[in-house]
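Where do charged side chains pair up in this structure, and how are such pairs placed along the chain? The paragraphs below go through them in turn.

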Amino acid sequence: MLTIRSALNEDRDAIWSILEPVIRAGETYAVAQEMSCDDVLAWWFTADHQVFLAEEDRRVIGTYFLRANQKGRGAHVANCGYVTASFASGKGVANAMCVHSLDQARRSGFKAMQFNFVVSTNERAVRVWQRNGFEIVGRLPAAFDHPSAGLVDAYVMHRFL
């Protein structure tokens with residue numbers, strides 16, 4: 001059974017085990033592939049992020065953060081980053097985390113959610129977000145240097161809560 005809960009400090013190693021392969025692959029996040037464990041976890045757990053994890057049978061299979069997309073006058077729009085463990089891919093984990101994050105965002109007082117940089121080759125994620133009501137509202141041409149596909153577009157995706 002899949003459960004989603006707030007991440008605790010003692011979950012950091014399990015979260016790193018999910019984040020590291022994604023960061024090293026360099027296919028979905030616009031961050032340096034050589035980031036250290038400490039740097040990645042500092043970014044994921046930064047003070048303005050609410051961090052959650054998905055677990056099944058007490059095994060961490062996904063994580064996401066929720067934050068304000070902007071400060072000040074843009075703080076009513078949420079933003080998230082999601083990662084699913086490779087061994088759990090295709091099991092609905094990303095969808096469950098998206099649904100959870102939309103509920104959390106509403107409870108936190110956000111009025112909308114926006115993804116600023118969805119790599120166009122990440123087609124599964126794009127489909128999950130669209131299934132959950134997100135629309136592509138912008139295209140950033142050749143904005144991401146994909147390790148095998150070269151320069152690819154990134155999308156800005158948005159939905160109201």
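A salt bridge here is a side-chain nitrogen of Lys or Arg within 4 Å of a carboxyl oxygen of Asp or Glu. By that criterion, a search of the whole structure turns up five salt bridges. The model is a predicted one, in which local features need pLDDT of at least 70 and side-chain atom pairs count only at pLDDT 80 or more, while totals for chains, interfaces and linings use all residues. Residues are numbered from 1 along each chain as its sequence is written, and side-chain values use heavy atoms, with hydrogens and water left out.

Begin with Arg5. Its side chain meets that of Asp11 in a salt bridge, at 2.8 Å from N to O. Arg5 also forms a salt bridge with Glu55, at 3.0 Å from N to O. Glu55 lies in strand E2 (residues 50-56) and Arg5 in strand E1 (residues 2-6), so this pair ties together parts that are 50 residues apart in sequence. Strands (E, at least two residues) are DSSP runs, numbered from the N terminus.

Arg5, at 26% relative accessibility, counts as partly exposed. Asp11 counts as buried at 8%, and Glu55 counts as buried at 14%.

Another salt bridge joins Arg139 and Asp153, whose closest N and O atoms are 3.0 Å apart. Arg139 belongs to strand E6 (residues 135-146) and Asp153 to strand E7 (residues 150-160), so the pair ties together parts 14 residues apart in sequence.

Terms used:
Buried means under 20% relative accessible area, exposed over 50%, partly exposed in between (1.4 Å probe, protein chains only). Helices (H or I, at least four residues) and strands (E, at least two) are DSSP runs, numbered from the N terminus.
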